[in-house]
Amino acid sequence: MEKSVPLHVYHVNKTSIIISRAHAFLHSIALLFLIHYRLSFFFQHPKNTTIPTLPWLLIFVSELLLSLAWLFTQSYCWRPVTRTVFPERLPADDKLPAIDVFICTADPNKEPSVEVMNTVISAMALDYPPEKLHVYVSDDAGSDATLRCTKEAWNFARYWVPFCRKYDLVTACPDVYFSSSEVDSGNFEGSEFKAARTKMEVI
């Protein structure tokens, strides 16, 4: 059986591992001393304490929460790696699997429909075989505004998606693309591209 070529490789930086683990070890020791110091306060004789118990307890709880948050962040610092991807090794379009993109929204007041539709159009313009890319919008609120915007987005996407694919645009989000002053085109910067871009702005 022929061995497939990997699409990415990762490199382990041993120096970063040593530094990260040494820092985690020293930080853990400091936290243990701090917790021991806070706990020893509660076992002192009441006559020897001059600090109110409630503020001390609140500080101790906050430090425990921050220590727990720090502990959770150590999972990706324990063994840091860097990855190198090889998009040129991807199989041909006819061998790629079909993918489904689900975009969920719940409240058009908190999630403006225009921003949601920008996400929908960006997903439709992904660099993937169109016949194998399916985009779904899940509107939990069942808003009429979202439905109308979806119809308008579909009409705009009929022009926007071919425009992105023809000129190899890196930025597929219409709002970001038109608000940027830089020309984001991989292939064309001539009069044809400028005319097409102007046409897209008035659609």
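Colleague: Is Arg 38 buried or exposed?
Modeller: Arg 38 is buried, with a relative accessible area of 12%. Here buried means under 20% relative accessible area, exposed means over 50%, and partly exposed lies in between, using a 1.4 Å probe and protein chains only.

Colleague: Thanks! What kind of model is this, and how are residues numbered?
Modeller: This is a predicted model, where local features need pLDDT of at least 70 and side-chain atom pairs count only at pLDDT 80 or more, while totals for chains, interfaces and linings use all residues. Residues are numbered from 1 along each chain as its sequence is written, and side-chain values use heavy atoms, with hydrogens and water left out.

Colleague: Back to Arg 38, which side chain does it meet in a salt bridge?
Modeller: That of Glu 63, at 2.8 Å from N to O. A salt bridge is a side-chain nitrogen of Lys or Arg within 4 Å of a carboxyl oxygen of Asp or Glu. The pair links distant parts of the chain, 25 residues apart: Arg 38 is in helix α1 and Glu 63 in helix α2. Helices are DSSP runs (H or I, at least four residues), and strands are too (E, at least two), numbered from the N terminus.

Colleague: How many salt bridges are there in the whole structure?
Modeller: A search finds three. One of them joins Lys 166 and Glu 192, at 3.0 Å from N to O. That pair also links distant parts of the chain, with Lys 166 in helix α4 and Glu 192 in helix α6, 26 residues apart. Lys 166 is partly exposed at 44%, and Glu 192 is partly exposed at 43%.

Colleague: And what does Arg 197 pair with?
Modeller: With Glu 201, the closest N and O atoms being 2.6 Å apart. Both lie in helix α6, four residues apart, about one turn of the helix. Arg 197 is buried at 18%, whereas Glu 201 is partly exposed at 44%.

Colleague: New topic: which helix gives the most to the nonpolar patch?
Modeller: Helix α2, with five residues. The patch lies on the surface and includes Phe 42, Leu 57 and Leu 65, with about 800 Å² of accessible area for the whole patch. Patch residues have over 30% relative accessible area and no salt bridge; like charges are joined within 9 Å and nonpolar side chains (Val, Leu, Ile, Met, Phe, Trp, Tyr) within 5 Å. Areas come from the Shrake-Rupley method with a 1.4 Å probe, and for residues only the protein chains shown count as cover.

Colleague: How exposed is Leu 57?
Modeller: Leu 57, in helix α2, is partly exposed at 36%.
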